[in-house]
Amino acid sequence: MSSMKVAISLPDPLFRAAEILARKLGKPRSQLYAEAIAEYVGARGAKALTSRLNAVYRKEPSEVDAALKYAQLERLSREAW
């Protein structure tokens, strides 16, 4: 996988905290930053998806059809738990 070098500015306390954490985890600082950004991007993507789904469910009913609900409950009652 190719990588891109970037320069960022961090407040001193955040930089020091990241240095300590990277040392504690035994990983290079750049790996710590890459993992943190990947986690942030993933979380933002999940939040965006949740927002879109919430918009859909605000407009459309999300109730389960009564017949389907009954069929599911019937089937579950016969399952060995």
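**Exercise 1. Find what share of the 81 residues in the protein is buried.**

Solution. Start with the term: buried means under 20% relative accessible area, exposed over 50%, and partly exposed in between, with a 1.4 Å probe and protein chains only. By that rule, buried residues make up 5% of the 81 residues.

Before going on, please note that this is a predicted model, where local features need pLDDT of at least 70, side-chain atom pairs count only at pLDDT 80 or more, and totals for chains, interfaces and linings use all residues. Residues are numbered from 1 along each chain as its sequence is written, and side-chain values use heavy atoms, leaving out hydrogens and water.

**Exercise 2. Work out how the protein is built and how spread out it is.**

Solution. Step one: count the elements. Helices (H or I, at least four residues) and strands (E, at least two) are DSSP runs, numbered from the N terminus. The protein has three helices and zero strands.

Step two: compare sizes. The radius of gyration, taken over C-alpha atoms, is set against the globule rule, 2.2 Å times the number of residues to the power 0.38. The protein's radius of gyration is 23 Å, well over the 12 Å that the rule gives for 81 residues, so the protein is more spread out than a compact globule.

Step three: look at the axes. The C-alpha trace spans about 60 × 35 × 30 Å along its principal axes.
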